[in-house]
Structure formats: C-alpha cells, structure tokens
Amino acid sequence: MQAQAFAKLNLTLDILGKREDGYHDLQMVMQSIALADTLTITPGEGRMDTSLSYLPSDDRNLAQLAAAAFRAATGLEVRVDITIDKRIPVCAGLAGGSSDAAAVLRALNECTNAGLTPEQLAKIGEQVGSDVPYCVMGGTALAEGRGERLTPLPPLPACHVVVCKPPFPISTPQLFARVDMKKIVRRPDTAGMIAALEAADLAGAARRMYNVFEDVLEPRRRVQIDEIKARLIDCGALGACMTGSGPTVFGLFDGEAAARLAAQRLGEQYREVFLTQTV
Ligand code: C5P
C-alpha cells in the first residue's frame with residue numbers, strides 16, 4: 001500500500017503555559033500543504049527504510065512506533081515493512097515524522113479493516129507524538145492542549161506557498177526548554193486568524209500569522225529567520241512566518257508568478273526551497 005504524508009504549517013503558534021507533566025499548553029492554527037513524503041507499506045517483519053541515511057531505520061522511527069501503538073490499541077498482530085521516500089525536510093517544524101506516523105495509522109486501519117474512526121486513530125497517535133493527532137485529521141484545524149485537542153476550521157483560501165528551510169536543525173525539546181513564560185510579550189491573534197478563515201479572507205489570515213517561538217530563538221538564528229521572512233515579503237508574500245519549532249519559514253502568495261520568483265530567489269541561497277499549495 002502507498003500512502004502520502006503531508007507536511008503541516010503553523011499559521012499561528014501560541015504557548016499558553018507550562019504544565020505539570022513537562023509539556024506546554026499550546027494554541028495553534030495548523031494547515032496541511034501538498035509537500036509530502038511517500039510511504040510504501042508491505043506485510044513484513046517490521047523493517048524500516050528511508051531515503052535519508054541519517055534517520056533511524058529501526059523501531060525508533062516514528063512510523064514503526066505508530067505501527068506498534070496500533071497493534072497495542074487494537075490487539076491486531078499486524079507487522080509491516082515501511083519504506084519512506086522523504087521530501088519533507090526533517091527537524092524543520094513541518095511535522096514530517098508525525099505525518100509519517102499518522103499515515104501509517106491510517107494505512108493500517110484501512111488494510112486491516114479495523115474500522116477505527118479518525119478520532120480513535122488520533123487518540124492512538126497521541127502516544128507517538130503531540131502533532132500526530134492533527135496529522136491524522138489534516139486540513140485546517142485549531143490544535144490546543146498538548147496539540148491533541150482539535151477543532152476543524154474552514155480551510156485557508158487556495159494560495160501558493162513558498163517553504164524555505166535554512167540549513168540548521170532546531171531541536172523541539174531544546175527550544176521548549178528556552179521558553180520563559182514571563183518573557184513572551186508578542187502573541188498571535190488566534191481569534192482574528194479564525195475570523196479571517198471564516199470570512200475566507202486570505203490577506204487577513206496572512207497578516208495575522210505569528211509564531212511565539214520566533215522570539216525564543218537564539219539571536220543569531222532569529223536574524224536568519226527574519227531575513228528569509230523579509231525576502232518573502234519583498235517578493236510579494238501576503239505574510240510570512242516560521243512554522244512549529246522552526247527553522248522553516250514560509251510565505252503565502254495569491255499569485256503564482258510572484259511565488260515562483262520568490263522560490264527562485266531563495267533557491268539561489270538555500271538548498272531546501274519548495275513551491276507548493278495548501279491541501
Ligand atoms: O510530543 P513530542 O514527542 O512531539 O514532543 C517533543 C518535545 O517537545 C517534548 O518532549 C516536550 O519537550 C516538547 N513539547 C512541549 N509541549 C507540547 C509539545 C511538545 O513541551 N505541547
């Protein structure tokens with residue numbers, strides 16, 4: 001069986017507080033984009049292979065962890081070999097690993113005829129990672145709590161998206177560890193973002209994009225992120241923002257020509273630049 005695993009963008013990311021369990025309460029508006037990994041899943045012994053040699057190719061990979069969580073939850077002894085053709089940059093804030101895990105859950109549900117609802121699959125996904133429940137549902141959604149409390153939202157109006165990953169990884173736990181709740185002064189207008197989505201107002205949504213992690217970055221990283229955002233805006237983006245715990249930055253465009261030019265310009269400096277759309 002082949003499955004597509006779509007990347008996600010954070011149109012907004014707000015951190016509301018630190019929890020007793022060590023996680024943070026978040027409020028995020030998420031959107032799927034067409035940039036995707038392709039998974040090939042076959043009956044097997046639990047082997048794992050990816051097109052990137054440095055990714056774990058054993059049962060530490062989120063895709064095999066998802067298969068194990070599915071077995072534990074359903075009691076079905078289904079073992080699969082998984083091959084992933086990675087296109088989504090890793091450690092990038094695009095939920096690539098979580099999306100692969102979600103694709104495995106959906107695929108196993110289908111091929112075993114287990115008949116689980118998306119909500120049940122999302123619940124299984126919670127144990128694998130905080131972004132997995134959203135990735136099971138996909139589309140446009142408000143994610144709250146650890147990321148598992150999901151409310152579907154009207155989709156971002158169709159647009160062109162330029163995605164640029166600068167050449168350094170950011171560790172999500174390390175960035176969360178830098179968060180000082182007292183120092184967060186700028187926050188996204190989440191209610192305004194939802195209102196813009198409800199009004200199908202692309203420019204209004206693009207204007208309201210903001211991610212509080214941008215203020216948590218090391219200063220030298222912040223400069224690099226701001227530079228990419230400025231270049232996207234100079235090329236005509238309606239708005240630009242970092243996604244997740246970064247470092248990927250994206251811009252939204254209403255016209256394809258401007259988006260293509262932005263991708264070309266950024267592509268002269270950065271290796272991982274993609275021109276894509278929302279799904
Ligand atoms: O759930 P996941 O394994 O993807 O989270 C990775 C790390 O990110 C956690 O160990 C935690 O440090 C941090 N995190 C958090 N609050 C969240 C989600 C993740 O502090 N809501």
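## Buried and exposed residues

A residue is called buried when its relative accessible area is under 20%, exposed when that value is over 50%, and partly exposed when it falls in between. The structure discussed here is a predicted model, and the terms just defined can be applied to several of its residues.

N109, which is found in helix α2, has a relative accessible area of 12%, and because this value is under the cut-off of 20%, N109 counts as buried. The side chain of N109 also reaches the backbone nitrogen of L116, at 2.9 Å.

N113 is found in the loop between α2 and α3 (118-126), and with a relative accessible area of 68% it is exposed. A200, in the loop between α6 and α7 (202-207), is exposed as well, since its relative accessible area is 54% and the cut-off is over 50%. R187, whose place is in the loop between α5 and α6 (190-198), has a relative accessible area of 38% and is therefore described as partly exposed.

## The surroundings of the ligand

The ligand sits in the largest pocket. Two elements each give two or more residues to the shell around the ligand, namely β2 (24-43) and α5 (172-177), and of these it is α5 that gives the most, with three residues.

The residues that surround the ligand are G22, Y23, H24, L26, G129, S130, R146, T172, P173 and F176. When this shell is sorted by class, it has four nonpolar residues, five polar residues and one charged residue.

## Contacts with the ligand

R146 takes part through its backbone, as a backbone N or O atom of R146 lies 3.0 Å from a nitrogen atom of the ligand. Taken on its own, the ligand has 450 Å² of accessible area, and the protein covers 73% of it.

## Backbone features in the loops

Most residues other than glycine have a negative phi, and most peptide bonds are trans. With this background, a few places in the backbone can be pointed out.

C91 is not a glycine, and yet it has a positive phi of about 50 degrees; this residue lies in the loop between β4 (80-85) and α2 (96-111). N113, already described as exposed, likewise is not a glycine and has a positive phi, in this case of about 55 degrees.

Is the peptide bond from G246 to P247 cis or trans? This peptide bond is cis, with an omega near 5 degrees, and the place of P247 is in the loop between β9 (239-242) and β10 (249-253).

## Separations across the chain

R187 and Q277 are 90 residues apart along the chain, and their C-alpha atoms are separated by 26 Å.

For the other pair, A200 and E45, the residues are 155 apart along the chain, while the C-alpha atoms are separated by 47 Å. Of the residues in these pairs, R187 is the partly exposed one described above, and A200 is the exposed residue from the loop between α6 and α7.

Definitions and conventions: Residues numbered from 1 in each chain as written. Predicted model: local features only at pLDDT ≥ 70, side-chain atom pairs only at ≥ 80, totals over all residues. Heavy atoms only, no water. Near = heavy atom within 4 Å. Polar contact = N/O pair within 3.5 Å; in protein donor to acceptor, adjacent residues only side chain to side chain. Areas by Shrake-Rupley, 256 points an atom, 1.4 Å probe, with all protein chains shown as cover. 1 Å grid on protein atoms, 1.4 Å probe; cavity = no way out; pocket = protein on both sides within 12 Å on 5 of 7 lines; lining within 4 Å. Sits in = over half its atoms within 2 Å of the grid points. Helix = DSSP H or I, 4+ residues; strand = E, 2+ residues; numbered from the N terminus. Nonpolar A, V, L, I, M, F, W, Y, C, P; charged D, E, K, R; others polar. Buried < 20%, exposed > 50% of the residue type's maximum accessible area, 1.4 Å probe, protein only.
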